[in-house]
Amino acid sequence: MKINDKIRLLREEHLYSQEQMAEKMHLSTNSYGKIERGETKLTLNKLEQIADIFDLDVVELIQNCDEKNIAYQVNHYGSNIFSSANNIKDILNENEKLNLIIAHKDETIKRQQEEITLLKEMLNLLKSQ
């Protein structure tokens, strides 16, 4: 099943109109309609919004959807990275990669903070002499 079809079915099961979904997602009705028609790639942010509306986890929402219209956008060192996922396994792999990137960033920040502290101490020593 395609993700856009699953979203439409969930909306209909919950008796929401497209207008109500658009309002809940802070979108125009036309923009929301494009989601259901599969005319737009879904970002993780949009998937999270939709999952929250239906009281689901994102994984539950995309489970059993064999689709290429899910896009991830992550800001990594000032540039945007976009990738597509075909299934839940790809999504979990992508998530693992992103978590490694975040861990590396955190380690780099920690090292830089330690260097700054050391440089401040050295500067204070030089000033006192």
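## Crossing of α1 and α3

In this predicted model, the axes of helix α1 (residues 3–13) and helix α3 approach to within 6 Å and cross at roughly 115°. The residues that meet are Asn4, Ile7, Arg8 and Arg11 on the α1 side, and Tyr32, Ile35, Glu36 and Arg37 on the α3 side. Sorted by class, this contact between α1 and α3 comprises 3 nonpolar, 1 polar and 4 charged residues.

## Glu36 and its partners

Among the α3 residues that meet α1 is Glu36, a member of the helix that spans residues 29–37. Is Glu36 buried or exposed? Glu36 is buried, because its relative accessible area is 6%, a value that falls under the 20% cut-off for burial.

The side chain of Glu36 takes part in a polar contact of 2.4 Å with the side chain of Arg11, and a polar contact of 2.9 Å joins the side chains of Glu36 and Gln18. When residues up to four places away in sequence are left aside, Glu36 touches Asn4, Ile7, Arg8, Arg11 and Gln18.

Not counting residues up to four places away in sequence, Thr29 touches Gln18, Glu19 and Ala22. Gln18 is therefore a contact that Thr29 and Glu36 both have, with contact taken as heavy atoms within 4.5 Å.

## The buried face of α1

Helix α1 buries Ile3, Asn4, Lys6, Ile7, Leu10 and Arg11. Seen down the axis of α1, these buried residues fall within an arc of 160°, so they line one face of the helix. That set of buried residues packs against α2, α3, β1 (42–43), α4 and α5. Just after α1, Leu15 adopts a positive phi of about 60°.

## The buried face of α4

In helix α4 (residues 44–53), the buried residues are Leu47, Ile50, Ala51 and Ile53. Viewed down the axis of α4, they too fall within an arc of 160°, so they line one face of this helix. The helix is followed by Asp55, which has a positive phi, near 55°.

In soluble globular proteins, nonpolar side chains tend to be buried together. In this model the largest nonpolar core has 19 residues, and those with the most contacts inside it are Ile3, Ile7, Ile50 and Leu61. Two or more residues of this core are given by each of α1, α2 (18–24), α3, α4 and α5 (58–62), and the largest share, 4 residues, comes from α4.

Ile7, one of the residues with the most contacts inside the core, also belongs to the contact of α1 with α3 and touches Glu36. Ile50, likewise among the residues with the most contacts inside the core, is one of the buried residues of α4.

## The chain as a whole

The chain has 6 helices and 3 strands, and read along the sequence these elements follow the pattern α-α-α-β-α-α-β-β-α. Of the 129 residues in the chain, buried residues make up 26%. Among the contacts in the chain with a separation of 6 or more, 50% come from residues 24 or more positions apart.

Terms used. Residues are numbered from 1 along each chain as its sequence is written. This is a predicted model: local features need pLDDT of at least 70, side-chain atom pairs count only at pLDDT 80 or more; totals for chains, interfaces and linings use all residues. Side-chain values use heavy atoms; hydrogens and water are left out. Buried means under 20% relative accessible area, exposed over 50%, partly exposed in between (1.4 Å probe, protein chains only). The arc is that of the directions from the helix axis to the C-beta atoms. A polar contact is a pair of N or O atoms within 3.5 Å; within protein, one must be able to donate a hydrogen and the other to accept it, and residues adjacent in sequence count only if both atoms are side-chain atoms. Axes are lines fitted to C-alpha atoms, for helices over the stretch in contact, and angles run from 0 to 180 degrees between N-to-C directions. Ala, Val, Leu, Ile, Met, Phe, Trp, Tyr, Cys and Pro count as nonpolar, Asp, Glu, Lys and Arg as charged, and the others, Gly among them, as polar. A nonpolar core is a set of buried Ala, Val, Leu, Ile, Met, Phe, Trp, Tyr and Cys residues joined through side-chain atoms within 4.5 Å.
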